[in-house]
Amino acid sequence: MSLSRADRQLVALLRGCALLAAAIVLFILLFLMRESWPILQHVALTRFITDASWHPVENLYQLTPMLSATLYSTIGALLLATPLGIGSALFIRFYAPVFLAIVYRRLIELLAGIPSVVYGFWGLTTLAPLIGRVHPPGVSLLTGILILTLMILPTVALTVDAALVAVPNAYIRGAAALGLSRWGLIGGVALPAARSGIAAGILLAAGRAIGETMAVLMVAGNVVEQPHSLFDSVRTLTANIALEMAYATGDHRAALFVSGMALMSMVLVLVGLVEYFTKERRHV
């Protein structure tokens, strides 16, 4: 079927936007590689793992403590936000009255719109002192995990809700015709049918958690040490870049761009996994 002139123009515009977005990502990658190259010429990548500590002035560039803090905080937040987000979506779709479901969904959307610095300020002034009463100092990996949980919860809840909405009505009607209970319908039909969308939403939330800077910087303690418990103060890769980029020069600055490449690599892996699960859902 031939397209009209307006349709062809729209297709050309959309293709141009897609190419522009891809070009921006490519330019960012090239920029990170160019800025990292000065240090990579004489410092092996293995040193960013095996050096004794992070002291760029002394030519020590270990990123492992900050990489561990980033991964621990992200995984911890996902472990908390995933069941809460899925539970919220199920409540909206299958349990709440219509009015309550609308209000609850609007509250989740409002939670998604709160600036990260507000989360960080609340965590620093309210949550950290509460945790500090249990185990000093309060600003810790646990505080960062809890703040990140609040921040990514709307992403999980809203994407799971969208995945549940996309489940064909024929599946729901068929389950009802078979006399399945509400939980039987949810566990046996809705969740399996929406699993790809749910997985994609969780991965998107992970990307948000990995890239978060300001809130984690305010509540995690900013200590470059390998965390051994939830109450240890930590510094993530994003927080390290934000703190040190303003005064870093030479190899120190290039090392920060290496950490930026590490973050970009993790996000690209997550984006690839999201695309994989999205394609799987389209073919189901």
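Helices (H or I, at least four residues) and strands (E, at least two) are DSSP runs, numbered from the N terminus. By that definition, the protein chain holds 12 helices and two strands, and A52 sits in the loop between α2 (47–50) and β1 (54–55). The structure is a predicted model, in which local features need pLDDT of at least 70 and side-chain atom pairs count only at pLDDT 80 or more, while totals for chains, interfaces and linings use all residues. Residues are numbered from 1 along each chain as its sequence is written, and side-chain values use heavy atoms, with hydrogens and water left out.

**Overall architecture**

- From the N terminus on, the elements follow the order α-α-β-β-α-α-α-α-α-α-α-α-α-α.
- The C-alpha trace of the protein chain spans about 70 × 60 × 30 Å along its principal axes.
- The protein chain has 284 residues, of which 39% count as buried; buried means under 20% relative accessible area, exposed over 50%, and partly exposed in between (1.4 Å probe, protein chains only).
- Among contacts (heavy atoms within 4.5 Å) with a separation of 6 or more, 72% join residues 24 or more positions apart.

**Domains and their interface**

- The protein chain is divided into domain 1 (1–42) and domain 2 (45–280), with bounds that come from an automatic or database domain assignment.
- The centres of the two domains, taken over C-alpha atoms, are separated by 27 Å.
- At the interface, 12 residues of domain 1 are in contact with 13 residues of domain 2.
- About 1,000 Å² is buried between the domains, and carbon and sulfur atoms give 80% of that area; buried area here is the accessible area (1.4 Å probe) that two parts lose on being put together, summed over both.
- On the domain 1 side, L32, E35 and I39 lose the most area to domain 2, together 47% of what that side buries.
- The rule finds one salt bridge across this interface, a salt bridge being a side-chain nitrogen of Lys or Arg within 4 Å of a carboxyl oxygen of Asp or Glu.
- E35 forms a salt bridge with R253, and the closest N and O atoms of this pair are 2.6 Å apart.

**Salt bridges**

- Side chains of opposite charge can pair when their charged atoms come close.
- The count by the salt-bridge rule is nine.
- R105 pairs with D161, with the closest N and O atoms 2.8 Å apart.
- R105 lies in helix α4 (residues 98–113) and D161 in helix α6 (residues 141–165), so this pair ties together parts that are 56 residues apart in sequence.
- D161 is buried, at a relative accessible area of 2%.
- R208 and E212 form a salt bridge with an N to O distance of 3.9 Å; R208 is partly exposed at 30% relative accessibility, whereas E212 is buried at 8%.
- R235 and E244 meet in a salt bridge at 2.9 Å, N to O, and both R235 and E244 are buried.
- Salt bridges that share partners join R93, R105, R106, E109 and D161 into one network.

**Surroundings of E244**

- E244 belongs to helix α11 (residues 237–244) and has a relative accessibility of 6%.
- Not counting residues up to four places away in sequence, E244 touches W54, R235, H252 and L256.

**Helix α8**

- Helix α8 (residues 182–193) has 12 residues, which at 1.5 Å a residue should span 16 Å; its end C-alpha atoms are 15 Å apart, which agrees. The expected span is 1.5 Å times one less than the number of residues.
- The buried residues of α8 are L185, I186, V189 and A190.
- Seen down the axis of α8, these buried residues fall within an arc of 130 degrees, so they line one face of the helix; the arc is that of the directions from the helix axis to the C-beta atoms.
- The exposed residues W183 and G188 are carried on the face of α8 turned away from its buried side.
- The cover over the buried residues of α8 includes α3 (64–95), α6 and α7 (169–177).

- A52 is exposed, with a relative accessible area of 68%.
- A52 and Q62 are 10 residues apart in sequence, and their C-alpha atoms are 6.5 Å apart in space.
- Leaving aside neighbours within four places in sequence, A52 is in contact with L60 and Q62.
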